[in-house]
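The structure under discussion is displayed first.

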Amino acid sequence: MVLNWIWISFFLIAFLMAAGRSIWGGDLQVWSDIMNASFDQAAFAFEISLGLTGVLTLWLGIMKIGERAGVVEFFGRLISPFFSRLFPGIPKGHPAMGAIFMNISANMLGLDNAATPMGLKAMQEMQSLNDRKDTATDAMIMFLVLNSSGLCLIPISIMMYRAQGGAANPTDIFIPILIATAIATIVGLTALCIKQKIKMDKVIWSWLGAIALIVGGITWFFASLPAEKVQIYSTFGANLILFSVIIAFILAGIRRKLRVYDVFIEGAKEGFKTAVMIIPYLVAILVAIGMFRASGALDTFTGWVESLVAWLGFDTQWVGALPTMLMKPLSGSGSCAMMLDVMKTNGADAFVSKLAAAVRGSTDTTFYILAVYFGSVGVSKTRYAAGYALLADITGAIAAIAVAYLFF
């Protein structure tokens, strides 16, 4: 219901904004800009789905090998003490647990392309337990909020963008992003546990403590490295782990005497079907976002915020990163474009550019995740998923601002 009204609001606000610009500003071009944006975004949504087709085909094929070989089940048992408390609606040993673990692990390593098909697999497994196929279960909402909070231990792509933008030290945002995304995850997880009446016992607290220790250890390790080595080691580590997972799945399939190639093809066919299924959901959300942005509503809102912050007597440097902050929950490519625009305008080493990078890495693309993941299993009633996912987004953005002022 929340997503429904948010989607409608994009169109209504864009229309009212365009009408105002035409009536009081004489701007008639805005209507063409909005409609062109709708066409461009519709085509872009299809391109994204087309691009995902290959990735989904590959990774759902690999996941099928892992599932048949028992590796996914093994991962499920490994994290069962923690996840059985966060996902009480999922039976112990169910394949959904392993798929959830693989998805969250890929997100932590900053491997977006690998995380998406694993996440879609997890949603399909959870949907098999759902008695009301059009309505999100508590487990689905918990999974979506964990994805939206975007706990990322190694933000590879953002460091690469900063390197391409000419930053003197592209990795200087590594620790700020790590801290901000950890805060967003802990707040989102705790709030949802309260909402779903999940008891925060010693098992949950011990796992959260372990996450804090891991984040602290990674922070210490990379802080001790020379700046030029951080990106090299982080990229190497993430890709080594990813390729090792592929090899482990294949070897496990051989050990189980599976016809590994045939099993891969079986899973790959599922990936193709899933890619086609998400096209309407992507078109719906990306067109709405594109029209909202083309109407000038986003720029107007940013201007209002800057004026208010200045009137209150606070520093306004962070407002330059507000478009990235607002676009991040709506569109990954849009927030990336906003971040790159800030870097291009102000220079990669400007405070606002570093803040924009920290904000973009602090959480994930909430509405994209909601549209794709729920859309892949035909869930239309998302209940309170959007509200709690946005709570994690807001927390991550505020934490990113605070940490950026502390570090930069």
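In this predicted model, helix H5 is largely enclosed by the rest of the structure, because 12 of its 14 residues are buried. The buried positions in H5 are Ala96, Met97, Gly98, Ala99, Ile100, Phe101, Met102, Asn103, Ile104, Ala106, Asn107 and Met108. From its first C-alpha to its last, H5 reaches 20 Å, close to the 20 Å expected at 1.5 Å a residue.

The loop between helix H4 (80-86) and helix H5 (95-108) contains proline 88. Proline 88 has a relative accessible area of 59% and is therefore exposed, the cut-off being over 50%. The C-alpha atom of proline 88 is separated by 7.5 Å from that of alanine 139, although the two residues are 51 residues apart along the chain.

Helix H17 (residues 351-362) has 12 residues, which should span 16 Å at 1.5 Å a residue; the C-alpha atoms at its ends are 16 Å apart, so the two values agree. Since 12 of the 12 residues of H17 are buried, the helix is largely enclosed by the rest of the structure. The buried residues of H17 include the charged side chains Lys354 and Arg360, as well as Phe351, Val352 and Leu355.

Threonine 324 belongs to helix H15 (residues 322-327) and is buried, with a relative accessible area of 0%. Leaving aside residues up to four places away in sequence, threonine 324 touches Ser335, Met338, Met339, Val342, Ala356, Val359 and Arg360. Ala356, Val359 and Arg360 are among the buried residues of H17.

Another buried residue is methionine 63, with a relative accessible area of 2%; methionine 63 lies in helix H2 (residues 29-69). Methionine 63 and methionine 325 are 262 residues apart in sequence, and their C-alpha atoms are 33 Å apart in space.

**Salt bridges**

Side chains of opposite charge can pair when their charged atoms come close. The count for this model comes to seven salt bridges, and the table below gives some of them.

| Aspartate 27 | Arginine 21 | 2.7 Å |

In the salt bridge with aspartate 27, arginine 21 is partly exposed, at 28% relative accessibility.

How far apart in helix H6 (residues 112-127) are glutamate 125 and lysine 121? The two are four residues apart, so about one helical turn separates them. Glutamate 125 is buried, with a relative accessible area of 12%, and lysine 121 is also buried, with a relative accessible area of 7%.

**Packing of H7 against H18**

Two packed helices are described by the angle between their axes and the distance between the axes. For H7 and H18, the angle is about 145 degrees and the axes are 10 Å apart. Their crossing is right-handed.

On the H7 side, Met140, Phe143, Leu144, Asn147 and Ser148 take part in the contact, meeting Thr366, Ile369, Leu370, Tyr373 and Phe374 of H18. The residues of this contact divide into seven nonpolar, three polar and no charged.

**Positive phi values**

Arginine 383, in the loop between H18 and H19, is not a glycine, yet has a positive phi of about 55 degrees. Lysine 197 is likewise not a glycine and has a positive phi of about 55 degrees. Lysine 197 is placed in the loop between helix H9 (174-195) and helix H10 (202-223).

Is lysine 197 buried or exposed? At 75% relative accessibility, lysine 197 counts as exposed, whereas arginine 383, at 35%, counts as partly exposed.

Conventions
Residues are numbered from 1 along each chain as its sequence is written. This is a predicted model: local features need pLDDT of at least 70, side-chain atom pairs count only at pLDDT 80 or more; totals for chains, interfaces and linings use all residues. Side-chain values use heavy atoms; hydrogens and water are left out. Buried means under 20% relative accessible area, exposed over 50%, partly exposed in between (1.4 Å probe, protein chains only). A salt bridge is a side-chain nitrogen of Lys or Arg within 4 Å of a carboxyl oxygen of Asp or Glu. Axes are lines fitted to C-alpha atoms, for helices over the stretch in contact, and angles run from 0 to 180 degrees between N-to-C directions. A crossing is left-handed if the near helix is turned anticlockwise from the far one by less than a right angle, and right-handed if clockwise. Contact means heavy atoms within 4.5 Å. The expected span of a helix is 1.5 Å times one less than its number of residues.
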